[in-house]
Amino acid sequence: MGASGPRRGPGPPDGGWGWAVLGACFVITGFAYGFPKAVSVFFRALMRDFGAGYSDTAWVSSIMLAMLYGTGPVSSILVTRFGCRPVMLVGGLLASAGMILASFATRLLELYLTAGVLTGLGLALNFQPSLIMLGLYFERRRPLANGLAAAGSPVFLSALSPLGQQLLEHFGWRGGFLLLGGLLLNCCACGAVMRPPPGPGPRPRRDSAGDAPGEAEEEAPSSGRTRRRLLDVTVCADRAFAVYAVTKFLMALGLFVPAILLVNYAKDAGVPDSEAAFLLSIVGFVDIVARPACGALAGLARLRPHVAYLFSLALMANGLTDLSSARARTYGALVAFCIAFGLSYGMVGALQFEVLMAAVGAPRFPSALGLVLLLEAVAVLIGPPSAGRLVDALKNYEIIFYLAGSEVALAGIFMAVATNCCLRRPKDGPPSPGTEGGAGDGEEAEAEVDSDLPPAGTEEPSGLEAVEVLSLGAGPSQPEVKVEPGLDS
């Protein structure tokens, strides 16, 4: 498809079929983040039928989230080997089969294996490839595209929870699981949309399935054959990636804790049950508006080069919101907290993957995303459960808000300081092509290679020799060779 506007050269279309891909990413993101939380409406029925406690039943959602985050490297390897579209089609079938099989479960262990492991794996095989394909279709409008896709999370969470309650009342939890399994087949339809971008461009080679996996390939120097890395672990040596990974780990320790404990915290403060449940809806509504708005803001020409600082600002705002609202006891104060929390939470959700794409670049993004999701899974398994144990031991929510806010604010401070001190180029001396604009600009440097380079098999000239190659027509009678400033000898 043609791009919706003039383009300066080959590359992502920034429109055309990309809008269909964006719509599919919206749906996939909504299922991936909203489905594990929406399943919680069935917990009371499961506790009654299986005679289990709340903590045992809640492991269904925990296992689903752990599979979503923890199988990131596996998803990266499969995408590199088979392409985005086949992986997403299989993932949609697995997610649907997990919920359908869970409707026949007779023990909690069977629910753990079906709704937890199988459905979680299917959602993971849809979520990561959709982000990879979104990066292949958008470059100039990528921040806006990421923000719109991320808005699927609050939209689907607001829709799936009431839907699950209606299914529970009319069909029971078994019928509800069966119908939700059929609903997850829409992931297959979204996967079918993910065809590779048309036209020439600096994209990876397509595999036998016809999909562009988005992973870097290297050519063997002796045989000339292409050798593809299934998981590029060398991205861990990238300073920009290391800074982002540490920030994401600190962020995940405390970012989700206030939202998980908010309703019980409000009830403990004397707020009626119906009004306490409405607080989460306020967070969701603000989040829906904040994500696309922040994506559009990050796409502005003046702000896009500083998206890492904008991300750190959102983290610090979220942490300070938790710290300042730890003593909130009235319903008005809790509503104000929900508005501020939803705004900063939406900004973080809209910017987190844009920062990673800008840091490592499109060729290494699949591997980087898989490793980051694995690290986030570890943090999610540490942060919220530890907060719950502290609440049980101390019977005090105030210290939990202080702890969670400190962790998120520390992540924002670390991101800003590390970006300024470790990733900023020195002003003296010309920047090297590989570091200009960050680690993600290596593709632009490769795209600007002159077309008059010597044929393959010859030794690559350096500095002054390159200028001599370009001026062979002048002959040896011209002793002076004008060297452009900035060329290294």
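Modeller: Happy to! The protein chain has 18 helices and two strands, where helices (H or I, at least four residues) and strands (E, at least two) are DSSP runs numbered from the N terminus. This is a predicted model, in which local features need pLDDT of at least 70 and side-chain atom pairs count only at pLDDT 80 or more, while totals for chains, interfaces and linings use all residues. Residues are numbered from 1 along each chain as its sequence is written, and side-chain values use heavy atoms, with hydrogens and water left out.

Now to the pair. Helix H8 (residues 152–183) and helix H12 (residues 273–298) have axes that come within 8 Å and cross at roughly 155°; axes are lines fitted to C-alpha atoms, for helices over the stretch in contact, with angles from 0 to 180 degrees between N-to-C directions. H8 is therefore roughly antiparallel to H12, a label for angles over 145 degrees. On the H8 side, the contact (heavy atoms within 4.5 Å) is made by Ser153, Pro154, Val155 and Ser158, and on the H12 side by Gly284, Asp287, Ile288 and Arg291. By class, this contact of H8 with H12 has three nonpolar, three polar and two charged residues; here Val, Ile and Pro count as nonpolar, Asp and Arg as charged, and Gly as polar.

As for the whole chain, 47% of its 489 residues count as buried, meaning under 20% relative accessible area. Contacts between residues 24 or more positions apart make up 81% of those with a separation of 6 or more.

Notes: Parallel < 35°, antiparallel > 145°, perpendicular 65-115°, else oblique. Buried < 20%, exposed > 50% of the residue type's maximum accessible area, 1.4 Å probe, protein only.
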